[in-house]
Amino acid sequence: MGYYLIEGGKPISGEFAVRGSKNAALPILAATLLAEDEVVLENCPLIRDFYLTLDILRELGCRVELTGRTAVIDTRQIQDVKIREETVQKMRSSILFLGALLGRERKAILGHPGGCAIGERPIDIHLKAFEKMGVEIIEEDGLFYCEAPHILGYHIYLNYPSVGATENILLLAVKAEGVTVIHNAAREPEIVALVRFLRACGAEIYGEGTPSIMIEGVKKLHGAYFSIPFDRIEAGTFLCASAMTGGELYLTGIEKNDIETTLEALVKTGCQFNIEAERIWMKPPKELKSGFSLVTGPFPGFPTDMQPLMMSLLTLAKGTCMISETVFEARFRHADELCRMGADIVIEDRVAQIKGCGGLHGAEVFGRDLRGGAALLIAALAAEGKSTVYGSEYVERGYEKIEDALSLLGGNVRLME
Ligand SMILES: CC(=O)N[C@H]1[C@@H](OP(=O)(O)OP(=O)(O)OC[C@H]2O[C@@H](n3ccc(=O)[nH]c3=O)[C@H](O)[C@@H]2O)O[C@H](CO)[C@@H](O)[C@@H]1O
Ligand SMILES: C=C(OP(=O)(O)O)C(=O)O
């Protein structure tokens, strides 16, 4: 198990150019399977999940070249329709290969996806929609054997605006016969990014970013050039790190509409902002304020992925704050670890009450998922003394060399493999 060694107490300040989004890049990589020509992706995030997804494409027989942040992917020579169990276990987004492989090859074999243990995370919404669109699914020994001789457009009503299910249906529907409409679709910026990519490849899609997305199936998609948009969770993580440590931060490469709820929460803590279209400057107050409630929810609600980071920050804010986690039922595992650093957090079911503790101290703590690990890392930066944060392998799934980025901004963080 890798870990971070952190010496706290130094402000995180300066300029940071936000990198490409994990949650936009991964579905787009799956979508490259649908393009029957070369795809060029710019601004790729060099993170563990990205490399793992490139490996899936290679294992399927695709040609993949990565130079700097530019990936060139040619899926014309695809030879396989099965994703290895080991890979599927490591990453939630591997489920998106189901829609993409079915769209391309009419067949797919894949197990139940793993990923961060933040809840049960069933895939019933994906499978139900697929069946309605003509996919035959047989589950045997933990594997889903899927076949779709004919993919049929359909009106799909999601009982929850699942991000993954909306993406998977999009991947299948672009190659369906006829029109598909997704009702109660997810509206996250990552859905918009996937649609823009598919459209660049020749797909006919309307309504992304709204609860109704209409897709007119096409016979073939072509290659495209596309730049991965910024990672709104990385941006929020660095803002929280600076706010907690009393540093001023200048973020570039962002789109402010995509991180509005995070900015609103930070404003409530007393942070001041100067916001331009693609840049943000933030100055934290001398003392962070609390006394409000946060409820996570589907976009445009407060993002569940930011919840652990915001909880970390609120441990230092004067007053009491309540956070309700409505998206994932087991996403508070970082709270106990924050308490080991001196935080005052009480959890009851899916609500956390966080009282400002006046200051954190260094400790040995365990990150058990991606954002939970990052939350501990930023808490350690703000704590007095030395900390060890275990679980770097989770953090590396979604943050590119976070230890280097934070060190360049004045933090004292080392990754020990
Ligand atoms: C790779 C990626 O993009 N991951 C993001 C994606 O995950 P993911 O796509 O897994 O999240 P979903 O929106 O699907 O899940 C939201 C909720 O719906 C439930 N659900 C989902 C599907 C289903 O078939 N049945 C079901 O019950 C889940 O258990 C969860 O409670 O969106 C989440 C919510 O914004 C983010 O936290 C993740 O970072
Ligand atoms: C939960 C996350 O990712 P995944 O869905 O890939 O597990 C995340 O990015 O915070």
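Domain bounds here come from an automatic or database domain assignment, and the model itself is predicted.

Q: What makes up domain 1 and domain 2 of the protein chain?
A: The assignment gives domain 1 as 3-19 + 230-416, and domain 2 as 22-217. Their centres, taken over C-alpha atoms, are 30 Å apart.

Q: How do you know that domain 1 and domain 2 are in contact?
A: Contact needs C-beta atoms within 7 Å. By that rule, 20 residues of domain 1 are in contact with 16 residues of domain 2. On the domain 1 side, helix H13 (residues 392-398) gives the largest share, with 4 residues. That side of domain 1 divides into 11 charged, 8 nonpolar and 1 polar.

Q: Why is ligand 1 said to lie between domain 1 and domain 2?
A: Because both domain 1 (3-19 + 230-416) and domain 2 (22-217) give residues to the shell around ligand 1.

Q: What makes up the shell around ligand 1?
A: A residue joins if its C-beta atom lies within 6 Å of the ligand. For ligand 1 there are 22 such residues, and the closest are Asn23, Ile125, Ser162, Val163 and Gly164. Helix H1 (22-31), H5 and helix H6 (163-173) supply at least two residues each. Sorted by class, the shell has 9 nonpolar, 7 polar and 6 charged residues.

Q: Why is cysteine 116 called buried?
A: The cut-off is 20 or more other C-beta atoms within 10 Å. Cysteine 116 has 22 C-beta neighbours inside 10 Å, so it counts as buried. Across the protein chain, 52% of the 417 residues count as buried too.

Q: Where is cysteine 116 found, between which strand and which helix?
A: Cysteine 116 is in the loop between strand S6 (107-111) and helix H5 (124-132). Leaving out residues up to four places away in sequence, cysteine 116 touches Arg92, Asp369, Leu370 and Tyr394.

Q: What does UniProt list for Cys116?
A: An unreviewed UniProt entry lists Cys116 as "modified residue: 2-(S-cysteinyl)pyruvic acid O-phosphothioketal". Such annotations may be inferred rather than shown by experiment.

Q: How do you know that the radius of gyration of the protein chain agrees with a compact globule?
A: A compact globule of 417 residues would have a radius of gyration near 22 Å, and the protein chain has 21 Å, so the two agree. Along the principal axes, the C-alpha atoms fill a box of roughly 60 × 45 × 40 Å.

Q: What share of the contacts with a separation of 6 or more comes from residues 24 or more positions apart?
A: In the protein chain that share is 72%. The secondary structure of the chain comes to 14 helices and 23 strands.

Methods: Residues are numbered from 1 along each chain as its sequence is written. Chains are lettered from A and ligands numbered from 1 in the order in which they are written. This is a predicted model: local features need pLDDT of at least 70, side-chain atom pairs count only at pLDDT 80 or more; totals for chains, interfaces and linings use all residues. A residue is buried if 20 or more other C-beta atoms lie within 10 Å of its own, exposed if 12 or fewer, and partly exposed in between; C-beta atoms are placed from the backbone. Two residues are in contact if their C-beta atoms, placed from the backbone, lie within 7 Å. The radius of gyration is taken over C-alpha atoms; the globule rule is 2.2 Å times the number of residues to the power 0.38. Ala, Val, Leu, Ile, Met, Phe, Trp, Tyr, Cys and Pro count as nonpolar, Asp, Glu, Lys and Arg as charged, and the others, Gly among them, as polar.
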